[in-house]
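Please look over the briefing below, which is meant to be read beside the sequence and the coordinates.

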Amino acid sequence: MSKVKALSLFSGGLDSILATRVVMDQGIEVTAVKFVSPFFDYEILSHIEGYCQEVKDKYGINVVVVDISKGYLEMLRNPAYGYGKNFNPCVDCKIFMVNRAKKMLAEYGASFLITGEVIGQRPMSQRRDTLNVISRDSESRSVLLRPLCAKLMSPTQPEEDGLVDREKLLNFSGRGRSRQIALAAEYGITDFPSPAGGCVLADPILSRRIENFYGDNFVVKYEDMTVTDVLLLLVGRQFLLPNGGWLMLGRDERDNDKLESICEEGDALLGMEERPGPIALLRRASTCYADDAAQQGDLNYAAGLVVRYGKKVKDGPQTGEVICTLSGEKKTIIAEPLADEISREWML
Ligand code: SF4
C-alpha cells in the first residue's frame with residue numbers, strides 16, 4: 001500500500017509545527033506549505049533553500065515555499081468577513097490559504113490538509129463557528145484536519161477513512177500555551193517563534209498605511225497596484241507630495257538599501273553623495289505627472305526632504321547637492337532643507 005500523504009499549512013509558529021509533527025508521528029508523509037506575501041514573510045523568497053533547510057534541521061519538517069501575493073492583494077480589498085482590530089482580514093486570509101493549499105493536494109499526491117488551529121485560541125479566527133466557516137468557505141470540509149483540537153470536533157473524512165488514527169489526535173483549546181510548550185519539549189523543540197509575530201496587517205501602525213493605500217483616494221489606483229507598491233509602502237518615511245507624487249525616504253542604512261534594491265524603471269532615486277543622508281524614491285516619477293513642471297516641482301520637494309533629513313554640516317552651507325537618477329539620466333538639484341511645517345501635511 002502506498003504511503004498516506006498530507007499537506008500542512010505552515011505559518012512557522014509553534015502550533016503549525018506541532019500539528020505537522022503530530023500527523024507525521026502516525027507515519028504519514030507530510031509536506032508543509034509556507035505561504036508568503038508582501039504582508040508576511042516575503043523576505044523568505046530571497047533565501048528559500050536556506051529557509052527550507054533551517055525548518056528541516058530545527059523541526060524535522062519538509063517545507064515548500066509558495067508566493068501567494070497576487071490573489072492575496074485582491075482578497076484584501078474586500079474581505080467577506082471584514083477586518084480585525086487593524087487591517088487584518090484573518091478569517092478571509094485563512095479561507096484563502098486553506099483553499100490555495102487544497103488546490104495543491106493533487107500535485108503532491110496528498111489526501112488531506114492539516115492546520116494548526118486550536119479552538120478558542122484567537123478571538124476572531126479560531127472560534128468554533130469561525131473554524132466551521134473556514135472549512136465551508138474554503139470548500140475543504142472533507143479534507144481539512146486540525147490535529148491539535150480534532151478530538152473536540154466531529155470526526156473528519158481522513159479519520160473516518162482510516163487514514164488518520166483519531167485516538168492519537170489532541171484536544172487542545174483556549175489561549176493557554178502550556179500544553180503546546182509541553183508537547184514541543186517532548187519533540188525536543190525549544191527554539192520556536194513567538195505567537196502572532198510577523199504579519200504587518202496586524203501591526204497598528206503599518207496596517208494604517210496599508211489601509212490608506214487601499215482607499216479610493218490613494219495616489220496608486222487599485223488596478224495599477226503591484227507587489228512592489230506594497231513592499232515600498234512598508235519602508236521608511238512616506239509622503240504624498242503636492243503635485244501628486246508618492247515619496248519614500250529611508251530612515252537608516254537598511255531602509256536606504258531596501259529602496260535602492262526595490263527601485264524600478266520609471267522611479268526616481270535621489271540622494272546626496274557629499275554627506276550621509278536618506279535615499280528617496282519617487283514612485284513612477286516618469287509616468288505619473290501631467291507635465292514636466294509638475295514632475296520637476298515634486299523632484300525639488302523630494303530633494304528638499306533629502307537635505308532636511310541628511311547630516312547637517314557644522315558651520316557649513318544649509319543647501320545640499322542632491323543627485324537625482326531617473327530613466328538612466330543623472331542630474332543635480334541644489335536644494336535647501338525643506339521646513340517641517342511644510343512637509344508635515346504631506347506625511348502618510
Ligand atoms: S494575522 Fe495576518 S497572516 Fe495571520 S491570519 Fe491574520 S491576516 Fe492572515
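This is a predicted model: local features need pLDDT of at least 70, side-chain atom pairs count only at pLDDT 80 or more; totals for chains, interfaces and linings use all residues.

Residues are numbered from 1 along each chain as its sequence is written, and side-chain values use heavy atoms, with hydrogens and water left out.

**Antiparallel sheet**

- Six strands form an open sheet in the order 6-7-9-8-10-11 with antiparallel pairing, where strands are DSSP runs (E, at least two residues) numbered from the N terminus and two strands pair if DSSP finds at least two bridges between them.
- Strand 6 (237-240) and strand 11 (329-335) are the edge strands, each pairing on one side only, and the twist averages 20 degrees from one strand to the next.
- Helix 11 (residues 292-308) packs on this sheet and touches strands 6, 7, 8, 9, 10 and 11, its direction making about 65 degrees with that of strand 11; contact means heavy atoms within 4.5 Å, helices are DSSP runs (H or I, at least four residues), and angles run from 0 to 180 degrees between N-to-C directions of axes fitted to C-alpha atoms, for helices over the stretch in contact.
- Strand 8 (residues 268-272) and strand 9 (residues 280-283) run antiparallel and are joined by three bridges, and alanine 268 has leucine 282 of strand 9 as its bridge partner.

- Five strands form an open sheet in the order 3-2-1-4-5 with parallel pairing.
- Strand 3 (62-67) and strand 5 (144-145) each have a single partner strand, so one side of each is left without a neighbour in the sheet.
- Six bridges link strand 2 (residues 29-36) to strand 3 in the parallel sense, and alanine 32 has valine 63 of strand 3 as its bridge partner.
- Helix 2 (residues 48-59) packs on this sheet, touching strand 2 and strand 3, and its direction makes about 145 degrees with that of strand 3.

**Threonine 20**

- Threonine 20 lies in helix 1 (residues 14-24) and is buried, with a relative accessible area of 0%, where buried means under 20% relative accessible area (1.4 Å probe, protein chains only).
- A polar atom of the threonine 20 side chain lies 2.6 Å from the backbone oxygen of serine 16.
- Not counting residues up to four places away in sequence, threonine 20 touches Ser8, Phe10, Val30 and Ile61.

**Helix 8**

- Ser207, Arg209, Ile210, Phe213 and Tyr214 are buried in helix 8 (residues 206-214).
- These residues cover an arc of only 155 degrees around the axis, which puts them on the same side of helix 8; the arc is that of the directions from the helix axis to the C-beta atoms.
- The buried residues of helix 8 pack against helix 3 (69-77), helix 9 (227-233), strand 6 and strand 7.

Key
Buried means under 20% relative accessible area, exposed over 50%, partly exposed in between (1.4 Å probe, protein chains only). A polar contact is a pair of N or O atoms within 3.5 Å; within protein, one must be able to donate a hydrogen and the other to accept it, and residues adjacent in sequence count only if both atoms are side-chain atoms.
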